[in-house]
Amino acid sequence: MDKATVLKDIIEQRKSTFPRDYTAEEIDNQILHEILKSAEFAPNHKRTKPWRFKVFKGEEKRALGEKMAEIYKATVAPQSFLEKKYVSITEKAAKADAVISISVNFSGLVPEWEEIAATAMAVQNMYLTASVHDVGCYWSSPGLINHLGEFLGLDENQKCYGLFFLGKI
């Protein structure tokens, strides 16, 4: 099979797979490293490499799920609060083998949209790499990510744009 056909097949099979469809099998650390490493090859103007990823597994992942549920409870109006949604936040994190926060570091060297676009291309590389390893993934961007900055240790020039859930399928 030629390279163009292989690439076309990979692009066409790429899809979002949600935590409810993940198995309990762990993602091999070497594969997780390869998924993250693929992000480094995304094009970015002036080589700012604006993406900032933090991997959550095990106890850190549990703490992230609890923090997100806490933020939901604290930020939603009492009349809009849904217990089912509150519980599902921690369940979704628990079902994933790993969760990666997706943040952008704004360098000030290029327009902000370019650094957001470069980060999105880095995530697309991760999607494609995950796909060839039968790792399900999806980029979630719930409103509560706007309240995760302190938890993630983000600087003033950084912003979280989502969470990348991963699990074997």
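Colleague: Is C160 buried or exposed?

Modeller: This is a predicted model, in which local features need pLDDT of at least 70, side-chain atom pairs count only at pLDDT 80 or more, and totals for chains, interfaces and linings use all residues. Residues are numbered from 1 along each chain as its sequence is written, and side-chain values use heavy atoms, with hydrogens and water left out. Buried means under 20% relative accessible area, exposed over 50% and partly exposed in between, with a 1.4 Å probe and protein chains only. C160 has a relative accessible area of 3%, so C160 is buried.

Colleague: How many disulfides does the structure hold?

Modeller: A disulfide is a pair of cysteine sulfur atoms within 2.5 Å. C137 is in none, and its nearest cysteine sulfur, that of C160, is 16 Å away. The number of disulfides in the structure is zero.

Colleague: At what angle do the axes of α2 and α5 cross?

Modeller: Helices are DSSP runs of H or I with at least four residues, numbered from the N terminus. Axes are lines fitted to C-alpha atoms, for helices over the stretch in contact, and angles run from 0 to 180 degrees between N-to-C directions. The axes of α2 (residues 29–39) and α5 (residues 112–132) come within 7 Å, and they cross at roughly 145°.

Colleague: Which residues of α5 make the contact with α2?

Modeller: Contact means heavy atoms within 4.5 Å. From α2 come E34, I35, L36, S38 and A39. The α5 residues are A122, N125, M126, T129 and A130.

Key: Helices (H or I, at least four residues) and strands (E, at least two) are DSSP runs, numbered from the N terminus.
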